[in-house]
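I opened this notebook to record what I looked up, entry by entry. The structure comes before the entries.

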Amino acid sequence: MRAETWRAAAGRALVLGRLRYVDRWLTAQPGTIRANARTDFISATLFGAFGGLTIPFIPVMGRRLGASPLEVSLLVASSALAMLLSLLWVRLLRAADPVRLVVWTQSVGRGFFLLMPFVRSPGLYLALVLLYHGVASAAALGYAEVMGAVYPQDLRARIMAMVRIGMAAAWIAAALLGGRRREALERPAAVEAWRALRQDRRFRRFLGAFFVFGFGAWLMGPAIPLLLVDVLRATNFQVGLLGAATSGCWLVSYYQWGRLIDRRSAPGVLTLVFLVGTLTPLVYLLATSPWVVLLAGASDGFASAGVDLGWLTALLNYASAGRVAHYVAIFNTLVGVRGSTAPLLAGLLVPRLGVRAIFALAAACTLSGALLMRRVAREGAQPGPSR
């Protein structure tokens, strides 16, 4: 059997084995929880197929289309720029049903990608990506409300992890396929959200640690496609394989992270997650071949799964009843701040310092974030308001 055939067969076996395990695990849950989880699982799998075909390639394809380093930075920062709208969304959509909010914003946002075949300039390409993220970002508010309502706290992180296994499995297949192509709520307001932030000291420290780590992660975002395209000369297949490596590590780590979070505290697990995430910029800093960066894809996948589960689980514990949207809006706003400033800063620094220096700065930030999160974890396993 040729090596390529063997790798494909091994990948399918891993994915199918995980999916069978997911099905058996869901079958053992109570009826209502099982039905909600199955629906959530199918939805996440379909999103994985969409995401795997689009997200890993957005900045790279922008560069191939002729995007400048600044435009590449904006492409990387696009999802974070959209999160700056979070406090506005939570006010405008205060009466929206959470489930419908998720469905309609995601559907309309993804619809913008139907216009991609007609794009011939990096400016229009950037505009469509920004529109997608701008509309789809509102879904996070509804999704957090739904997760808090339909899953019990002692099972929530594990169910969310199992659901994301389906997303990651579909993402793997879609990323590899893409690489084969040719070259009802209380009326919230900003003042109320920031009042909650001022009153909750532990939450502030949690946000501070997350901000420092996330700033490093966003800082290296524009440097990755610049390194892949301009320095390492990666092919589309190698870019797709990098995305698949990231998703494969999502696949095998979501449940483990979820089980750890359910047994321990989210800040405690996030400390380990941030340390794993620090490996990503270090690998890019030292990489001399597109194949070496697969190690960065692996560490990024492990860290991304832990971050994905950790932030929402922590917020659901910090927020009191009826305040989840406020906390999510605050968190997303800060994601927007760091995600819109860090990539732009990288775009300005690359011509002066070189692309490798950005990864060194990113590693310093992610490691600092891990140390700060360790301090948060030491304050107690059960987060709550501290006045």
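What percentage of the 387 residues of the protein count as buried? I found that 53% do, buried meaning under 20% relative accessible area, exposed over 50% and partly exposed in between, with a 1.4 Å probe and protein chains only.

I noted that this is a predicted model, in which local features need pLDDT of at least 70 and side-chain atom pairs count only at pLDDT 80 or more, while totals for chains, interfaces and linings use all residues. Residues are numbered from 1 along each chain as its sequence is written, and side-chain values use heavy atoms, with hydrogens and water left out.

Secondary structure: I read 17 helices and zero strands. Both are DSSP runs numbered from the N terminus, helices being H or I with at least four residues and strands E with at least two.

Patch: I looked up a nonpolar surface patch of about 400 Å², made by Val99, Val103, Trp104 and Val108. Its residues have over 30% relative accessible area and no salt bridge, with nonpolar side chains (Val, Leu, Ile, Met, Phe, Trp, Tyr) joined within 5 Å. Val99 sits in helix 6, residues 98-111. Val99 counts as partly exposed because its relative accessibility is 47%.

Salt bridge: I found one in the structure, the term meaning a side-chain nitrogen of Lys or Arg within 4 Å of a carboxyl oxygen of Asp or Glu. Asp230 pairs with Arg63, and their closest N and O atoms are 2.8 Å apart. Asp230, at 30% relative accessibility, is partly exposed, and Arg63, at 21%, is partly exposed.

How values were computed: Patches are made of residues with over 30% relative accessible area and no salt bridge: like charges are joined within 9 Å, nonpolar side chains (Val, Leu, Ile, Met, Phe, Trp, Tyr) within 5 Å. Accessible areas come from the Shrake-Rupley method with a 1.4 Å probe; for residues, only the protein chains shown count as cover.
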